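User: Please take a close look at the contact between the two chains and describe it in one connected account.

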Number of protein chains: 2
Amino acid sequence: MASQQPARPAAPAPRPTRRSEKSRRAIYDAALALVVEAGYPRTTIEGIAARAGVGKQTIYRWWPSKAEVLMEAFLDLAGHPPRDAAQEPSAIPDTGDLAADLKAVLRATVDELKDPRFDAPSRALAAEGLVDEALGRQYVAKLLEPSLQLYVQRLRSAQEAGDLRPDLDPRIALELFVSPLAQRWLQHTGPITYAYTDTLVDYALYGLAPRSR
Amino acid sequence: MASQQPARPAAPAPRPTRRSEKSRRAIYDAALALVVEAGYPRTTIEGIAARAGVGKQTIYRWWPSKAEVLMEAFLDLAGHPPRDAAQEPSAIPDTGDLAADLKAVLRATVDELKDPRFDAPSRALAAEGLVDEALGRQYVAKLLEPSLQLYVQRLRSAQEAGDLRPDLDPRIALELFVSPLAQRWLQHTGPITYAYTDTLVDYALYGLAPRSR
């Protein structure tokens with residue numbers, strides 16, 4: 001996993017490779033568990049350290065704030081889906097069938113959103129991001145936007161292949177099928193199923209208005 | 001404003017008309033202000049009463065919980081847009097031009113989402129609804145879903161007029177342009193402008209894939 005620590009030109013941050021892997025794992029697990037149990041505002045570096053069985057200076061040496069610890073814990077979580085621990089976050093497949101590729105990745109997202117190990121901490125962090133704008137922007141910049149950019153890449157290649165209207169903005173286009181799933185998950189506005197995400201892809205690609213044939 | 005209290009067959013709830021309008025207004029204002037300043041968990045009936053200058057029994061007589069007070073305060077807020085105090089929440093206009101009607105109502109929503117009087121309390125309540133599932137479901141049932149049903153009605157009449165594919169589910173279709181705006185607002189994932197919501201409507205109605213002409 002890439003380090004998310006900001007570069008410090010004068011005194012470079014310690015490399016993650018120098019961290020004890022066992023401590024790092026214990027710290028991530030403690031941070032994710034605490035944010036679920038106590039909520040973000042009551043999660044502290046001290047609490048994470050106590051639960052992880054490390055000194056709090058160990059945490060401060062590697063991360064400047066609890067927000068940074070949690071962001072890295074989430075990046076780690078998102079990079080290791082429980083169904084396939086070897087899987088890395090990567091580009092959306094391009095089989096040449098745009099609808100099929102989007103449906104496949106959204107079905108995988110449905111699985112992830114329904115997994116309690118992902119759902120509970122993600123929800124706690126997202127909730128705090130709604131009212132703590134600085135945290136929210138960090139959440140978006142580090143966790144959400146990079147995954148949305150994978151859709152941008154796939155939609156751009158679809159434009160090159162002539163499968164997508166050449167004049168549209170991929171960054172907006174992806175929201176037609178990604179945001180409805182996000183809202184149903186976050187706000188419990190409706191059930192989340194494969195049939196639902198398949199339908200979103202079909203509606204978005206082919207439009208709600210009738211096509212003249 | 002219609003009462004949102006659940007019907008109690010044995011002992012009907014007091015009618016809103018019996019409430020002192022001045023006290024009701026003071027209680028709504030206090031509840032909205034407190035949820036912004038202190039957050040939902042630290043907002044109490046006692047705090048609302050103190051700020052509104054009423055006894056807490058006055059509040060308990062009319063509302064069973066702080067959640068109910070806040071829901072009614074929001075319904076009142078949503079029913080009185082600041083730009084036109086006489087406007088009531090109502091059906092989406094049907095001028096016969098579906099794209100124009102949807103763009104107009106989404107532009108009005110952009111105005112509302114950018115109004116601090118609406119934004120701050122709505123955001124606080126939505127954030128708590130993410131982690132407090134009972135509150136979240138109440139928020140959706142009383143505040144969100146009724147406004148989404150106005151889109152369902154407009155989309156159904158568009159289906160009857162032949163402006164929308166007859167086979168599609170209006171409740172899912174509306175999410176293609178409503179959810180992206182909701183996510184940008186809630187999570188600060190991108191700017192909210194008229195041009196953006198106009199684009200969402202065009203993309204949703206006419207599809208992302210090229211149309212054969």
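Analyst: Between chain A and chain B the count is two salt bridges, a salt bridge being a side-chain nitrogen of Lys or Arg within 4 Å of a carboxyl oxygen of Asp or Glu. In one of them, Glu175(A) and Arg184(B) meet through their side chains at 2.6 Å, N to O. This is a predicted model, in which local features need pLDDT of at least 70 and side-chain atom pairs count only at pLDDT 80 or more, while totals for chains, interfaces and linings use all residues. Residues are numbered from 1 along each chain as its sequence is written, chains are lettered from A in the order in which they are written, and side-chain values use heavy atoms, without hydrogens and water.

The contact (heavy atoms within 4.5 Å) takes 47 residues from chain A and 47 residues from chain B. About 4600 Å² is buried between the chains, with carbon and sulfur atoms giving 61%; buried area is the accessible area (1.4 Å probe) that two parts lose on being put together, summed over both. Leu130(A), Tyr203(A) and Leu208(A) supply 18% of what chain A buries against chain B, more than any other three residues.

Chain A can be laid on chain B by a turn of 180° and a shift of 0.0 Å along the axis, with an RMSD of 0.0 Å, superposed by least squares on the C-alpha atoms of residues with pLDDT of at least 70 in both. That is the relation of a two-fold axis. Gly207(A) has the C-alpha of chain A nearest the axis, 1.7 Å from it. The same surface serves both copies, as 100% of the contact residues of chain A recur in chain B.
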